[in-house]
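Student: I have a structure to go through with you. Could we look at how its strands and helices are put together?

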Amino acid sequence: DKQKGKLKLVKEQVTHLQILIENLIEMARLDGGHDLNRHPLDLNQIMIAIRETHISKLTAERELDVHFDLADEPMMILADHEDLEHALLNIIENAVYYTLDGGTITISTQVDDQKILIDVQDTGMGIAQDDLPHIFERFFRVDKARTERGRAGLGLAITKKVIEAHHGQIDVTSTFGDGSIFRVTLPQA
C-alpha cells in the first residue's frame with residue numbers, strides 16, 4: 001500500500017514535468033517568431049470541436065454546467081487551427097479547474113464591429129484584484145500552493161502569445177469569489 005502511494009506520486013510528478021517541458025517548448029516556439037499556418041476558418045467550428053472532443057473529458061467526475069452560446073452566423077477568421085484551438089481550450093480548462101462543483105461555465109461567440117468576440121465566463125473562485133495584472137505572466141499562478149494536475153503557470157502566457165500572434169487580444173474581468181470572464185477579441189476575415 002505504501003509502495004502504491006509512492007508510485008502514484010512519482011507518476012504525478014512525471015506527468016507534471018512532461019506538461020512543463022511541453023509548455024516550455026511551446027513558449028520557445030512562440031518566442032522564436034514561429035510563423036502561423038493561417039487558413040480561413042469558422043471560429044464556431046473550432047468551438048464545436050472543443051465541445052465535442054474535450055468538454056466531457058474536462059468535466060468527468062465534476063458537477064458543472066457547461067453551456068455553449070455560439071453565434072448563428074459563420075464567424076470567419078484567418079487562423080492557425082491547432083494553435084488557436086489550443087489557446088481557447090486552455091482558457092476553458094482554467095475555467096473548469098477553478099470552478100467548484102455545481103458551478104456554471106458559459107462559452108459564447110459573437111460579432112461586434114468586424115471583430116469576433118469569444119467570452120468564457122465562470123462562476124469559479126475569481127481572481128484577486130492584486131493578481132489580475134499578473135495572470136498572463138510566465139510561471140504566475142493565482143494560488144501558488146496548487147501545483148497538481150500539471151499546473152505550471154505557463155498556460156495563460158502561451159494563450160496570450162497565440163492570441164496576439166493572431167492580431168487579437170485577451171482581457172479578463174473578475175470578482176474574487178464570484179468568477180471571471182475571459183474575453184478574446186480577434187479580427188474577422
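Student: How many bridges join S2 to strand S4?
Tutor: In this predicted model, S2 and strand S4 (residues 104-112) are joined by 5 bridges, and the two strands run parallel.

Student: Which residue is the bridge partner of Val 66 in S4?
Tutor: Val 66 has Ile 105 as its bridge partner in S4.

Student: And what is the order of the strands in the sheet?
Tutor: The order is S2-S4-S5-S7-S6; these 5 strands form an open sheet with mixed pairing. Strand S2 (65-69) and strand S6 (169-175) are the edge strands, each pairing on one side only. From one strand to the next, the twist averages 15°.

Student: How do S5 and S7 run, parallel or antiparallel?
Tutor: They run antiparallel, with 7 bridges joining S5 to S7. Within S7, Phe 182 stands opposite Val 120.

Student: What about S6 and S7, parallel or antiparallel?
Tutor: S6 and S7 run antiparallel and are joined by 7 bridges.

Student: How many residues lie between S6 and S7 in the hairpin?
Tutor: There are 3 residues between S6 and S7 in that hairpin. In the turn, Gly 177 has a positive phi of about 95°.

Student: Changing topic to the helices: which strands does helix H4 lie across?
Tutor: Helix H4 (residues 81-97) lies across S4, strand S5 (115-122), S6 and strand S7 (179-187). Its direction is at about 25° to S5.
Student: Which strands does helix H5 touch?
Tutor: Helix H5 (residues 155-165) packs on the sheet and touches S6 and S7. The direction of H5 makes about 140° with that of S6.

Student: At what angle do H2 and H4 pack?
Tutor: Helix H2 (residues 43-53) packs with H4 at an angle of about 55°, and their axes are 10 Å apart. H2 is therefore oblique to H4.

Student: Is that crossing left-handed or right-handed?
Tutor: The crossing in which H2 passes H4 is right-handed.

Student: Which residues in H2 and H4 meet there?
Tutor: From H2, the residues are Leu 43, Ile 46, Met 47 and Ile 50. In H4, they meet His 81, Leu 84, Glu 85, Leu 88, Leu 89 and Ile 92.

Student: How many nonpolar, polar and charged residues has that contact?
Tutor: By class, the contact of H2 with H4 has 8 nonpolar residues, 1 polar and 1 charged.

Methods. Residues are numbered from 1 along each chain as its sequence is written. This is a predicted model: local features need pLDDT of at least 70, side-chain atom pairs count only at pLDDT 80 or more; totals for chains, interfaces and linings use all residues. Side-chain values use heavy atoms; hydrogens and water are left out. Two strands pair if DSSP finds at least two bridges between them. Helices (H or I, at least four residues) and strands (E, at least two) are DSSP runs, numbered from the N terminus. Axes are lines fitted to C-alpha atoms, for helices over the stretch in contact, and angles run from 0 to 180 degrees between N-to-C directions. Contact means heavy atoms within 4.5 Å. Angles under 35 degrees count as roughly parallel, over 145 as roughly antiparallel, 65 to 115 as roughly perpendicular and the rest as oblique. A crossing is left-handed if the near helix is turned anticlockwise from the far one by less than a right angle, and right-handed if clockwise. Ala, Val, Leu, Ile, Met, Phe, Trp, Tyr, Cys and Pro count as nonpolar, Asp, Glu, Lys and Arg as charged, and the others, Gly among them, as polar.
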